[in-house]
Amino acid sequence: MIPLRDTVRSEKPPVVTKTIVILNTIIFIYQALMPQQEMVQFIYRYGLIPVKLHEHHLPLITSVFLHGSWLHLLGNMWSLWLFGDNVEDSMGHFKFLVFYLLCGIASGYTHTAFNAVSDVPTIGASGAVAGVMGAYFLLYPHARIVTLIPTFFVFPMFIRVPAVIFLFFWFLSQLYSGTVNWILGSAAGGVAWWGHVGGFLAGMFLQNFFRTKDYY
């Protein structure tokens, strides 16, 4: 299932959402143009390394703006674009920016709590974006997510899934994957499942303090 768009139109231009997407893209291009060794050093310097978090906390924020591949970047930015405009609309530009960064920080701490001795750098906006999705889950429960379902037939299927159902099952998938990999002690290809869970829950909680209007 591939989410394409939602059915809720924002009243104001999503200035911060657009800026975050552009900034992440520029940083990724800059990162991709580096020689391999420099790029590795760059990621180790600004990525979140759980075992070193007690030494300096800046990577809690900088890691949110780094990505490991075009697909990684595209997936996160597409989800941010899909859900971010409405959440930004409900909070206002500045509050949304603070909210986004706080969700990223909460995600980083959650990931660290479950991977305290890991020396592998974690990068990506997925934890912060999960926070946006958590806020959307409560703010826009009656919205519909236009979703593409690939089929074996010539014509793909498009369905409108209630946002509350789509996001609930997305959250369950992250919780399930995080639990399984925590029990087995595997990294699942480096996916920060618990960071996603922590970001989503942080978004659900923090939206109470940042929203300026509701949607029902």
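The model is predicted.

Three strands form an open sheet in the order 1-2-3, and their pairing is antiparallel. Strand 1 (2-6) and strand 3 (157-162) are the edge strands, each of which pairs on one side only. On average, and with direction ignored, neighbouring strands of this sheet are turned by 30 degrees against each other. The two pairings are set out below.

| Strand pair | Sense | Bridges |
|---|---|---|
| Strand 1 and strand 2 | antiparallel | four bridges |
| Strand 2 (residues 144-149) and strand 3 | antiparallel | six bridges |

Helix 7, which comprises residues 163-184, lies across strand 1, strand 2 and strand 3. The direction of helix 7 is at about 90 degrees to strand 3.

**The packing of helix 1 and helix 4**

Helix 1 (residues 15-32) packs with helix 4 (residues 70-91) at an angle of about 170 degrees, and their axes are 8 Å apart. Angles over 145 degrees count as roughly antiparallel, and helix 1 and helix 4 are therefore roughly antiparallel to each other. On the side of helix 1, the contact is made by V15, V16, T17, K18, I20, V21, N24, T25, F28 and I29. Helix 4 contributes W70, L73, M77, L80, W81, G84, D85 and E88 to this contact. By class, the residues of the contact between helix 1 and helix 4 comprise 11 nonpolar, four polar and three charged.

**The cavity**

How many cavities of 30 Å³ or more does a search of the whole structure find? The search finds one. The largest cavity has a volume of about 50 Å³. Its lining consists of Y44, R45, G47, L48, I49, K52, L53, H56 and P59. In terms of class, the lining of the largest cavity has five nonpolar residues, together with two polar and two charged ones.

Definitions and conventions. Residues numbered from 1 in each chain as written. Predicted model: local features only at pLDDT ≥ 70, side-chain atom pairs only at ≥ 80, totals over all residues. Heavy atoms only, no water. Pairing = 2+ DSSP bridges. Helix = DSSP H or I, 4+ residues; strand = E, 2+ residues; numbered from the N terminus. Axes fitted to C-alpha atoms, helices over the stretch in contact; angles between N-to-C directions. Contact = heavy atoms within 4.5 Å. 1 Å grid on protein atoms, 1.4 Å probe; cavity = no way out; pocket = protein on both sides within 12 Å on 5 of 7 lines; lining within 4 Å. Points joined across faces, edges and corners; volume = space filled by probe spheres on them. Nonpolar A, V, L, I, M, F, W, Y, C, P; charged D, E, K, R; others polar. Parallel < 35°, antiparallel > 145°, perpendicular 65-115°, else oblique.
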